[in-house]
Amino acid sequence: MNFRGKQMLNWSLNNYLGLANHPEVRQTDAEAAAQWGLAAPMGARMMSGQTPYHEELERQLADFVGKEDAFLLNFGYQGVMSAIEAIVDYKDVIVYDAESHACLIDGIRLHKAKMGKYFTFKHNDMESLEKNLIRATKLADEQGGGVLVVTEGVFGMSGNIGKLDEIVALKQKYNFRLLVDDAHGFGTMGETGSGVAEHLGVQTGIDLHFSTFAKSMASIGAFIAGPKAIIQYLRYNMRSQTYAKSLPMPLVIGGLKRLELVRTQPELRENLWKIVNVLQTGLRARGFDIGTTQSPVTPVFLQGQYDNDVVTQLVADLRENLGIFCSIVVYPVVPKGVIMLRIIPTAVHTIEDVNVTMDAFEVIQEKLRKGEYSGKGIAVFS
C-alpha cells in the first residue's frame, strides 16, 4: 500500500482471502451500485427495507454454517452487542471467556440484571469454566433463568482457537446455550471454511454462530445464525436492527458474490494457509516467539524493557526505513515490557513478502538488543 507517499508491505488488513480487490468482487460491487445506488432499500427491515436479496443472503449464510436460519446485521460490533442484550433478561446469567473481544464484553455490560449476573472464566481454561458454570447454574436456577456461555472461535490477538469441542462436551453436565463469535474463523478455518466449529467437528453444539463481514468477506455487515425460533425472536427484538436502516443493496449483492467465492474457490483458503505455514514456520526457525497461535493470526513477541519512546522509534524504523506496516500492540493489551507485532497473512501475500518481512524483523530485534531505539538517531514519521 501507499503510506505517506511510500510503498510498503501491509500486514494489518483482515483481508484473509484477498477478496477486497478480487476482480469478480469489484465488478459485482460496481454493477450493484450502478443498478441500485447506495440508498436502496430506504427503511428498516421491518418497514420497507426487506428484499428477496436480503433473505437469500441469510438463507445461504445459515446453510454455510449449518444452522436453520440467519439474521443479517448492519454492523458486527453493534450487531453482536445488540444480540446479547436481546437474548438475556434479568433472570439469566452469562459466563464468558476473559479474553473475549470488546464487542462481546460491551454486549454483556448491557445485561438487564444488576451486578453479579455474569461470571468470567480464565482464557480457554475448562476447569475455570466449569467452576463458573456451577455458580451460574445455581444462580440461574434460583431466579428461574438460563445460562449463556460466550466465547470466540479464533481470538484475534493470540491467534488461539477457542476450545469449542470441550465447551460443547460440558453440555452433558450443564444446561446452557453457547454463543460463539467466529469473526476470524469464518472463511479461514474448517474443511469448507465455515469456521472453527466445523474445524473441531462441533457445529451442532453451537447454539448461536456470529460473524462479521469485515474479515474474510472484505465488506461491511455481519450475521448471526441459529435455530429458527431464536433468530425469529432476534429479528423483532434487536434494537440496533429494528431502529436502523436496512443494509444497502450493493453490500447485500456483494455479500452474495463474496460468499459464493468462499464456497466455490477453496484455492483462496489454500493460498492463505500456504502463506501462514511458511510465515509461522520461518519465524519460529529464526527464533521468534509467536506464542501458541493455531490460526492465521500471527503474533510476534519482542521481549525486554521498553518504554513508549522505544516503541515509537521501532514503529518509525519498521515503516519508514524497512517498508513494513503491521499492527504494534503494547501494554495494557500485553504485559509491560513486551511489544507484540501482529501479522495478518492473506491469500494475496507472496513468499517473497514473507521473507522480506522476516528479514526486517531480524533487523529490529537486533537493534532492540543493542539499545539503538533510544529516541534518537532513527528516522521518525515523515
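The axes of helix α2 (residues 52-64) and helix α10 (residues 249-264) approach within 9 Å and cross at roughly 25°, the axes being lines fitted to C-alpha atoms, for helices over the stretch in contact, with angles running from 0 to 180 degrees between N-to-C directions. Helices (H or I, at least four residues) and strands (E, at least two) are DSSP runs numbered from the N terminus. The model is a predicted one, in which local features need pLDDT of at least 70 and side-chain atom pairs count only at pLDDT 80 or more, whereas totals for chains, interfaces and linings use all residues. Residues are numbered from 1 along each chain as its sequence is written, and side-chain values use heavy atoms, with hydrogens and water left out.

The helices α2 and α10 are therefore roughly parallel to each other, a description given to angles under 35 degrees, while those over 145 count as roughly antiparallel, 65 to 115 as roughly perpendicular and the rest as oblique. Among the residues of α2 that meet α10 are Y53, L57 and F64, and those of α10 include V252, L256 and L259, contact meaning heavy atoms within 4.5 Å.

Helix α10 also packs with helix α1 (residues 23-36), at an angle of about 155° and with the axes 8 Å apart; α1 and α10 are therefore roughly antiparallel to each other. In this contact, V25, A32 and W36 are among the residues of α1, and P250, I253 and L261 among those of α10.

Turning to the strands, β5 (residues 93-97) and β6 run parallel and are joined by four bridges, pairing requiring that DSSP find at least two bridges between two strands. Within this pair, I94 stands opposite Y118 in β6.
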